Amino acid sequence: MFARLLFICLAIPLSIGATYPSQTVIGFYNVENLFDTIKEPGKQDGDYTPRGKNKWNSGKYLKKINNISYVISHISGDIIGLAEVENHSVLEDLISTPLLKDYDYVHFPSHDRRGIGTALLYNVRNVDILEAAPLAYKGKNKNQRHILHVKCRIEETVLDLLVCHFPSVGSNINQREAAVNSAKYYADSIYVSDNTSNIIIMGDLNANPSDKILGTFYSAKFSPELRYYNPYKKLYRFGFGTYNYRDKWNLYDQILLNHNILPKLKNSKAHIFIRDFLVVPTGKYKNHPLRFENVIDGRYGYSDHFPVYIILDL
């Protein structure tokens with residue numbers, strides 16, 4: 001497999017191009033409000049309709065689809081987890097773009113009040129899907145974005161992927177903790193049923209790598225086999241982020257690995273995907289992610305998050 005990437009890492013503060021032969025690229029991207037233009041009954045998605053707050057018409061929608069397609073094609077990932085996608089329809093439109101002709105997707109409807117959920121794109125040339133299921137949070141939180149579990153094979157390696165979009169920072173702390181604990185519970189359950197499992201947890205965790213709420217993933221009270229390595233801790237300590245709020249960089253988008261797959265992580269490094277076209281070039285929000293609503297020189301942006309990815313030697 002060949003992946004042509006532009007990346008940011010600890011030793012390299014600027015984006016550069018590189019080619020990685022015979023390696024696997026796994027990424028995650030919060031695509032920020034990838035809605036179609038149709039009101040879905042029972043969902044709070046009215047802002048993304050032609051008469052809604054955002055005047056969300058077919059022209060805007062297709063620009064958004066093409067822009068997100070452009071970003072994903074440049075990541076060239078074998079697997080890309082997604083957050084904030086509305087339904088099968090938007091994913092069908094996404095993989096129908098010429099740039100993503102080699103991709104298919106896994107997605108289940110969400111119970112989120114706005115209808116947004118998680119999904120997984122995968123390159124059909126390199127990845128075989130073995131099974132998939134939506135996993136509900138433990139507890140009483142019904143208006144939730146479930147955890148997407150996908151078991152797949154790449155080369156001779158089987159991976160168990162958990163794609164997450166945890167409740168926002170302003171949400172009830174019990175709901176946030178339930179989401180984290182649920183992801184840990186499901187990951188641990190996969191390992192307990194098969195101690196050869198290669199487990200990867202990815203997503204918009206709505207917490208920074210060193211935040212207390214994520215501590216259960218690393219806690220010494222668990223055996224080493226049930227702890228998860230977070231390579232994004234180092235990037236966060238060096239001041240890097242994927243999401244900027246009130247001029248503070250947060251690294252909410254992360255990829256964690258269990259001890260079985262960790263030796264395959266190339267150079268033990270995590271990456272944030274940044275290119276000039278993803279960044280606000282001037283003004284008050286210079287260097288922030290270029291959101292779709294930020295129209296600059298007649299062109300629409302992309303998302304309020306930067307994508308992230310890792311490289312595995314499989």
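A disulfide is taken here as a pair of cysteine sulfur atoms within 2.5 Å, and in general terms a disulfide is a covalent bond between the sulfur atoms of two cysteines. The structure is a predicted model, in which local features need pLDDT of at least 70 and side-chain atom pairs count only at pLDDT 80 or more, whereas totals for chains, interfaces and linings use all residues. Residues are numbered from 1 along each chain as its sequence is written, and side-chain values use heavy atoms, with hydrogens and water left out.

A search of the whole structure finds zero disulfides. Cys152 takes part in none, the nearest cysteine sulfur being that of Cys164, 15 Å away, and this separation is too far for a bond. Both residues are buried (under 20% relative accessible area, where exposed means over 50% and partly exposed lies in between, with a 1.4 Å probe and protein chains only), since Cys152 has a relative accessible area of 0% and Cys164 likewise stands at 0%.

The chain contains four helices and 15 strands, these being DSSP runs numbered from the N terminus (H or I of at least four residues for helices, E of at least two for strands). Its radius of gyration, taken over C-alpha atoms, is 18 Å, close to the 20 Å that the globule rule (2.2 Å times the number of residues to the power 0.38) gives for 314 residues, so the chain is as compact as a globular protein of that length. Of these 314 residues, 56% count as buried.

Five strands form an open sheet of mixed pairing in the order β7-β8-β9-β10-β13, where two strands pair if DSSP finds at least two bridges between them. The edge strands, each pairing on one side only, are β7 (127-135) and β13 (253-257). Strand β10 (residues 198-204) pairs with β13 in the antiparallel sense over five bridges, and Gly203 stands opposite Gln254 in β13.

When neighbours within four places in sequence are left aside, Ile79 is in contact (heavy atoms within 4.5 Å) with residues including Val25, Leu121, Cys152 and Met202.
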